[in-house]
Amino acid sequence: MTLLTVRSLTKVFPGTKALDGVDFDLRAGEIHALLGENGAGKSTLIKCLTGAYARDAGTVTLDGRPIAPRSTVEAQDLGIGTVYQEVNLLPNLTVAQNLLFGREPRRFGLIDSRALRRQAREVLTQYGLDLNVDRDLGSYSVAIQQIVAIARAVALSGKVLILDEPTASLDAREVGMVFEVVRGLRDRGLGIVFVSHFLDQVFALTDRITVLRNGRRIVTEDTAALDRMRLIEHMLGRALEDEVMHSPPPARGPRAPMLRFAGMGRRGAVEPFDLAVGQGEVVGLAGLLGSGRTETAETIFGLRPAQTGSAADENGPLRLASPRAAIAAGFGFAPEDRKTDGIVADLTLRENVVLGLQARRGWMRPIPRAEQNRLAEDYIKRLDIRTSGREKPVGELSGGNQQKVVLARWLAMNPRFLILDEPTRGIDVGAHAEILHLIHDLVERGMSLLVISSELDELIAVSDRVIVLRDRRHVAELTGAEISGETIMRAIAAAPAEGAA
Amino acid sequence: MNTRALPLYVTIAIFALAWVVCWLQFPAMASTRVIGNLLTDNAYLGIVAVGMTLVILSGGIDLSVGSVIAFSGVFIAVMLRDTGLHPLAVFALLLALTTAFGAAMGGLIHGLAMPAFIVTLAGMFLARGAAYLLSIDSVPIQHEFYKTLQGAYWLMPGKGRLTLIGVLMLAVFVLGMVVAHRTRFGASVYALGGGEATARLMGVRQGRTTVLVYAFSGLMAGLSGIVFSIYTGSGYSLATVGTELTAIACVVIGGTLLTGGAGYVIGTLVGVLTMGLIQTYIVFDGSLSSWWTKIVIGILLLAFILLQKGLVRLSQARMAA
Ligand SMILES: Nc1ncnc2c1ncn2[C@@H]1O[C@H](COP(=O)(O)OP(=O)(O)OP(=O)(O)O)[C@@H](O)[C@H]1O
Ligand SMILES: [Mg+2]
């Protein structure tokens, strides 16, 4: 039975036709994947369905009745629950307030805070989460925030649940949990739209697939009838030569030592660790969420300055008390949370790309406009950023393309040591390969990298050395031929050897 | 513990400490007389600060309130002088007027997507101008009912007077707390202050909430105007210049984030009382001439905020460790 029918939906932004006559059907009791490159129009389609954007043409019917929600509230009232790609929830409200926002239990017209807390706790136990629901959501990790967002959307979805890259910041266990919940909802007859760049997840979870490219629908087919190669061809409009380079990089021999971190640590963030990075070496950090990967990076970069230990390069000790100091030492850090730490949404693409470079030169010596244009055009081409031009505000780019702009900014600064935290999160298969190529190029030119990634394939493909973290501790180091998915997994899962006290 | 509440606790601690210091120097500080006066003298400020708290929590600002208070005083005085209306009827009329004025500003802010700063600045000039239009001179209020209102107080043990307007302020704070912390409207206000785009996607009715917030602030400004007219017994178009800034200062001292989204109404009460304490101290000291008052208030405010920020940062560091 068809639950939601979309016919010739069109949405035009100044300079871009984001959706061009798209047809889309969602049946009750199916999980329907919506796929496409960065900027293909997936999020725009979703926002037109949920009233966040007004459509320019086309019809949408739900249960046979035409609908045209003018706001997200109306869509919620119609039984459409949504997890949007770019927002989680409100970090300044408590977990309970976020979960039940707009549906707070009331007594005598006033919010019943005790019932609110109780209901919130009940909802979260279904997801195996035992949180203090009175704490601000912002004090929890991105992964937990994401699960809370999913829980909220599930609770709101009477008929349709839309998930726009819900698993981007989750680890395998959490993904499994979300899948279980989603399958349960399918069995109850909901229609579920699932957007993701993780093709493995798409094949594992979904029943049908619709592919968008450049705002047009290319194909809708049963998942079982599609194979990976054909799917990628539909998405990119061409075949991909080497989707992910599964083989590790060629052994490049021993490196000239460049940086040494000795006994660096910070209470509550990461236990003291030693780390040496050679010139042109790629060190990967593996571990579960919350294992201290990001904290390691933040400590090195001075975002959470180390309380113990020291850093040195070949010329002597380095002070890394603040990001400013770290940048002065030739470091760069592309963070995982681009919305809060990365882009400036109102500035144009060009301005965002040159921002870091300009800050380092000092604002008194502006970069010539021609040079700015050249840099921006160069990175648009190299990272395949889909945009109607370099003067487009970054906030108007699609999520994956925003991520590429963050990368471009740090690459433009040409640091000698670059930390990449989840560099390919939210980036499509085509661009994924491009970025891995780029990393190889950078290393060839002598840049050293610290790469954090939850995707083991990616780590294996780029790293000369992999450090495994567990419980905020560096527990294992794998080199060269030792690096494989299996060895990393084993190191992550191994019981604490010397009994962590 | 929630870090969000930290500035509030720090404010309360500093206030208590300041009180003890004052008390050690002037034992009379703890008398019910001083406490009663503190409430009465700051009633109009407290009431308007409740409205301001909501506005700031929503991520906005309302610069019009000082002028609206002055307008209210003049409006009441002129109406009572020139018409035979009962003061209660005039009050109702006035509150409807200031609420509508606030709502209109909220409507403009949302509808035209203009900064609240600009719209309410225009509102400030408009209200002040309207007050001038009604009367340039100070207009005394001589209605019998006003005498009753001014004379209404409860004698606390120790001869302190708990006046009607003092109690009204406390009641308004209770109302403010209920609205901000116990209603869906209040939740929407916090949501807007936390991030407009996100709030919209979560289902906040942005337009409605914005209009209501400024309407509430207008209502509070009108009420504050009534209280001020009872307190001074007159209406004067040059009164309460700069009160909007004092109210903002109270809100900020009370631990509410000026960028919105975080804070507590009760903190604003502590902020108002702190402001009152400083003033009382200066009066008690007696060696400070009146033009010093402002300077000292400024310096003390700055010291207070620095101290608060320092303590907050310290305890955050302690908690993070
Ligand atoms: N608010 C906006 N203003 C102008 N253009 C926009 C806006 N939102 C999206 N676009 C444009 O519409 C196109 C489709 O974007 P959309 O966000 O739907 O892509 P997507 O398929 O979700 O990509 P991703 O995988 O990167 O999330 C892009 O070219 C983008 O630049
Ligand atoms: Mg998207």
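Strand β11 (residues 208–213) of chain A runs antiparallel to β12(A), joined to it by six bridges. Helices (H or I, at least four residues) and strands (E, at least two) are DSSP runs, numbered from the N terminus. Two strands pair if DSSP finds at least two bridges between them. The hairpin of β11(A) and β12(A) has two residues between the strands. In this hairpin Asn214(A) takes a positive phi near 45°.

This is a predicted model, in which local features need pLDDT of at least 70, side-chain atom pairs count only at pLDDT 80 or more, and totals for chains, interfaces and linings use all residues. Residues are numbered from 1 along each chain as its sequence is written, chains are lettered from A and ligands numbered from 1 in the order in which they are written, and side-chain values use heavy atoms, with hydrogens and water left out.

## The shell around ligand 1

Ligand 1 has 22 residues around it. Lys42(A), Ser43(A), Thr44(A), Ser398(A) and Gly400(A) come nearest. A residue is near a molecule or strand if one of its heavy atoms lies within 4 Å of it. By class, the shell holds twelve polar, five nonpolar and five charged residues. Here Ala, Val, Leu, Ile, Met, Phe, Trp, Tyr, Cys and Pro count as nonpolar, Asp, Glu, Lys and Arg as charged, and the others, Gly among them, as polar.

Ligand 1 taken alone exposes 640 Å², and the protein buries 92% of that. Accessible areas come from the Shrake-Rupley method with a 1.4 Å probe; for residues, only the protein chains shown count as cover.

## Elements and domains at the ligand

Which elements give two or more residues to the shell around ligand 1? They are β2 (16–27), α1 (42–49) and α14 (399–412) of chain A. Ligand 1 lies between domain 1 (2–92 + 136–237) and domain 3 (349–413) of chain A, because both give residues to its shell. The domain bounds come from an automatic or database domain assignment.

Helix α1(A) is mostly covered, with seven of its eight residues buried. Buried means under 20% relative accessible area, exposed over 50%, partly exposed in between (1.4 Å probe, protein chains only). The buried residues in α1(A) are Lys42(A), Thr44(A), Leu45(A), Ile46(A), Lys47(A), Cys48(A) and Leu49(A). Just after α1(A), Gly51(A) takes a positive phi of about 80°.

## A covered strand, β19

Strand β19 (residues 417–421) of chain A has five of its five residues buried. Phe417(A), Ile419(A) and Asp421(A) point one way from β19(A). Leu418(A) and Leu420(A) point the other way.

Strand β18 (residues 331–334) of chain A runs parallel to β19(A), joined by four bridges. Phe331(A) stands opposite Phe417(A). Strand β20 (residues 448–452) of chain A also pairs with β19(A) in the parallel sense, over five bridges. Leu450(A) in β20(A) is the bridge partner of Ile419(A).

## Loops and single residues

Most residues other than glycine have a negative phi. Phe108(A) is not a glycine, yet its phi is positive, about 50°. Phe108(A) sits in the loop between β7 (106–107) and β8 (110–111) of chain A. Its relative accessibility is 80%, so Phe108(A) counts as exposed. Ala113(B) has a positive phi near 50°. Its loop runs between α5 (87–111) and α6 (116–134) of chain B. Is Ala113(B) buried or exposed? At 67% relative accessibility, it counts as exposed.

Ala225(A) lies in the loop between β12 (216–222) and α8 (228–236) of chain A. At 43% relative accessibility, Ala225(A) is partly exposed. Ala225(A) and Asp207(A) are 18 residues apart in sequence, and 9.9 Å apart C-alpha to C-alpha. In chain B, Ala130(B) belongs to helix α6. At 28% relative accessibility, Ala130(B) is partly exposed. Ala130(B) and Phe71(B) are 59 residues apart in sequence, with 6.8 Å between their C-alpha atoms.
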